[in-house]
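Trainee: I have a new structure to read. Could you walk me through its features one at a time?

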Amino acid sequence: MTIDQAQQEIVEEFSDIEDWMDRYAMIIDMGNALPAIDEKYRTPEHLIEGCQSRAWVNAELTDDGKVIYTADSDAIIVKGIISMLVKVLSGHTPDEILGSDLHFIGDIGLQEHLSPTRSNGLLAMLKQMRLYALAFKELQGRGNKQE
């Protein structure tokens, strides 16, 4: 599934739900479905700076050049938001992640229904995930030069 297809799937899941209390319930359900992050990544190094609540993200590069994210948060809404980012970005190459336009956030109206601090946290999560992708891209570039 491409990044755009994953985004479209999320948009479609929200399309029939008008009430924002019901949308928040769906976001919470998505967070509850997110697999728990390994305890070894619940460290200050994996904590997302700029997020009001505590949220952790880790990324690993697979042998075939795909980035796999794991994440968690101690806040249920934040966990739901980060689960959507993981769903959309995980399993793609660093170039795909760095070149993606994450329009689903606006398409479902999420950004306008977040408090300023949660909105800043969302941007911080996305920034951290993109920084992982950038670091992996650099690592791949160095590896290719050494061959």
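**Reading the model step by step**

Mentor: Start with Thr43, which sits in the loop between helix H2 (20–33) and strand S1 (55–61). Helices (H or I, at least four residues) and strands (E, at least two) are DSSP runs, numbered from the N terminus. This is a predicted model: local features need pLDDT of at least 70, side-chain atom pairs count only at pLDDT 80 or more, and totals for chains, interfaces and linings use all residues. Residues are numbered from 1 along each chain as its sequence is written, and side-chain values use heavy atoms, with hydrogens and water left out.

Trainee: Is Thr43 buried or exposed?

Mentor: Buried means under 20% relative accessible area, exposed means over 50%, and partly exposed is in between (1.4 Å probe, protein chains only). Thr43 has a relative accessible area of 18%, so it is buried.

Trainee: With which side chain does the side chain of Thr43 make a polar contact?

Mentor: A polar contact is a pair of N or O atoms within 3.5 Å; within protein, one must be able to donate a hydrogen and the other to accept it, and residues adjacent in sequence count only if both atoms are side-chain atoms. For Thr43 the partner is the side chain of His46, at 2.9 Å.

Trainee: Next, the strands. In which sense do S1 and S2 pair?

Mentor: Two strands pair if DSSP finds at least two bridges between them. S1 and S2 pair in the antiparallel sense, over seven bridges. They form a hairpin with five residues between them. Gly65, in the turn, has a positive phi of about 80 degrees.

Trainee: Which residue in S2 is the bridge partner of Leu61?

Mentor: Val67 is the bridge partner of Leu61. Elsewhere on the pair, Trp56 stands opposite Asp72 in S2.

Trainee: Why is S2 described as largely enclosed by the rest of the structure?

Mentor: Strand S2 covers residues 67–73, and five of its seven residues are buried, so the rest of the structure largely encloses it. S1 also has five of seven residues buried, so it too is largely enclosed. Keep one general idea in mind: in a regular strand the side chains alternate between the two faces of the sheet.

Trainee: What does Asp72 touch, leaving out residues up to four places away in sequence?

Mentor: Contact means heavy atoms within 4.5 Å. Asp72 touches Leu34, Ala36, Ile37, Arg42, Arg54, Ala55, Trp56 and Lys79, with residues up to four places away not counted. The side chains of Asp72 and Arg42 are joined by a polar contact of 2.4 Å. Asp72 is buried, at a relative accessible area of 3%.

Trainee: Now helix packing. At what angle do the axes of H2 and H3 cross?

Mentor: Axes are lines fitted to C-alpha atoms, for helices over the stretch in contact, and angles run from 0 to 180 degrees between N-to-C directions. The axes of H2 and H3 cross at roughly 70 degrees and come within 7 Å. That makes H2 roughly perpendicular to H3. The cut-offs are these: under 35 degrees is roughly parallel, over 145 roughly antiparallel, 65 to 115 roughly perpendicular, and the rest oblique.

Trainee: Which residues make the contact of H2 with H3?

Mentor: H2 brings Tyr24, Ile27, Ile28, Met30 and Gly31. H3 brings Ile76, Ile77, Lys79, Gly80, Ile81, Ser83 and Met84. By class, this contact has eight nonpolar, three polar and one charged residues. Ala, Val, Leu, Ile, Met, Phe, Trp, Tyr, Cys and Pro count as nonpolar, Asp, Glu, Lys and Arg as charged, and the others, Gly among them, as polar.

Trainee: How do H1 and H3 cross, and what meets what?

Mentor: The axes of H1 (residues 3–15) and H3 (residues 76–89) come within 7 Å and cross at roughly 140 degrees. That makes H1 oblique to H3. Ile3, Ala6, Gln7, Glu9, Ile10, Glu13 and Phe14 in H1 meet Met84, Lys87, Val88 and Leu89 in H3. By class, the contact has seven nonpolar, one polar and three charged residues.

Trainee: Where is Val78, and what does it touch?

Mentor: Val78 lies in helix H3. Val78 is buried, with a relative accessible area of 3%. Not counting residues up to four places away in sequence, Val78 touches Cys51, Ser53, Ala55, Ser73, Arg118 and Met125.
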